[in-house]
Amino acid sequence: MAETSRVMNFGAGPSALPESILEEAAKGLLNFQGTGMGVAEISHRSKEFTAYIAGVEVSIRQQLDVPTTHSILFMQGGGTGQFSAVVLNMLARHRLLHPNLADDERVMDYVLTGSWSKLAAKEGGRLGGGARVNIAVDARDSSADGKSFDNIPAHSAYKFSEDPALIYYCENETVSGTQFSHEEGAAESFPFHLLPEGKLLPLVADYSSSFMSRPIPRLADHAIIYAGAQKNIGPAGLTIVIVRQDCIVDVDAAAALGAVPVPAGLTYKNFADQGSMPNTPPVFSVYVSGLVLKRNAELGGLEYYEKLNRSKQEKVYGVVREGEKKGLLRGHVKAGSGSWMNVVFEVLGEGAESRFLAGAAKQGMKGLKGHRSVGGIRVSLYNAITEEQTDKLVTYIREFLEETPAQQPPLPSESLNQ
């Protein structure tokens, strides 16, 4: 494959994949492991594929150090599907634990730090069957304008319920570019210390856009961690769900006690009992994810990617700060709350953003336009984005800043005349 045929894909997802993986996957589409059939054709119950999907599970368990208390499920539906699955399975669990509790006394805690957690909370209210949604914290309350998701709230702002059916947070928000710190004790870290000790926590984390980019703090303390594959490890279609086994419950027994019935395709127990194959899994996405995970291990796993991703984001935030000093760029997120995966900023000045995007496109840099709800520029630095590509982008931004006159604030006399 000619190098000139591919651009640098800084898009937010489906995201870039290593070129070597794409080439290997193309071979598998024609002949999967010497079977004479492509991976998209072979039976998902064949010995070759069942062995392969089991190996993918082992890779995830080893690289993330997932304890034996947790099962790893391969589902479909992405994060949006899990908004529903989490509510229904965790409310079923809560019903089995507290069969005599009235519906309006059940509560689900949601931490709002961006668009995705906002949507998750909305789904909780829609499917809760009378259970109450408690917003444990809303990052907009601590924003400069009172309406933007531009920060991770201070620990003092959180108000968790005493015995919620679930506690949900989104570790990285792709739209606004906010992310919890994974450094224990950091002001922008998730406040694990505020949660009850000595009990199995109903803690749920959406790791869709940062999965496998760095270690997951307190993984074993989570009830559920889920992630769509399409950011860091594979094509769209596969959803990886890490579920603590006490949360894999008999939803029909819960329904008999009055819980909302759970569709078969969202029931964790169906997937756990049938090796993630109550129906046909997304075989091609599983296949490519397995290839990526194998490559990750060869490169050094999470230790390698944490170091690489730290370096990449430091370079991009560094040049954004240079642009801020010149009055040409403006970061969207408060210092300390910025995402390693999605760096969001504005290019200031009339027509400047269009010129920025056009110039980037000429240099083979695509996918930089921000989400429609936020605007501006969004640089997505998923695992497959190399340091060399990051350096090229930083060089381009610096050149753009040098070619653009600095924006000076108006003189007092000029302000009076306006």
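**Aromatic pairs**

I searched the whole structure and got 17 aromatic pairs. Rings of Phe, Tyr and Trp (its six-membered ring) pair if their centres lie within 6.5 Å, and planes under 30 degrees apart count as stacked, over 60 as edge-to-face and the rest as tilted. The model is predicted, so I kept in mind that local features need pLDDT of at least 70 and side-chain atom pairs pLDDT 80 or more, while totals for chains, interfaces and linings use all residues. Residues are numbered from 1 along each chain as its sequence is written, and side-chain values use heavy atoms, with hydrogens and water left out.

I looked at Phe32 and Tyr52 among the pairs: the ring centres are 5.7 Å apart and the planes stand at 75°, so this pair is edge-to-face. Phe32 is in the loop between helix H1 (19-30) and H2, and Tyr52 is in helix H2, so the pair ties together parts 20 residues apart in sequence. Helices (H or I, at least four residues) and strands (E, at least two) are DSSP runs, numbered from the N terminus. Phe32 and Tyr52 are both buried (under 20% relative accessible area; exposed is over 50%, partly exposed in between, with a 1.4 Å probe and protein chains only).

I then took Phe356 and Phe400, whose centres are 5.3 Å apart with planes at 85°, so they too are edge-to-face. Phe356 belongs to helix H9 (residues 352-362) and Phe400 to helix H10 (residues 387-403), 44 residues apart. Phe356 is buried at 1% relative accessibility, and Phe400 is buried at 6%.

I also noted a cluster in which ring pairs link Tyr158, Phe160, Tyr169, Phe180, Phe190 and Phe192.

**Sheet and helices**

I traced an open sheet of 7 strands in the order E2-E10-E9-E8-E5-E3-E4, with mixed pairing. Two strands pair if DSSP finds at least two bridges between them. Strands E2 (70-75) and E4 (132-138) are at the edges with a single partner strand each, so one side of each has no neighbour in the sheet. Neighbouring strands are turned by 20° against each other on average, direction ignored.

Which way do E3 and E4 run? They run parallel, and 6 bridges join them; in E4, Val137 is the bridge partner of Val111.

I found helix H2 (residues 47-64) lying across E2 and strand E10 (239-244), at about 130° to E2. Axes are lines fitted to C-alpha atoms, for helices over the stretch in contact, with angles from 0 to 180 degrees between N-to-C directions; contact means heavy atoms within 4.5 Å.
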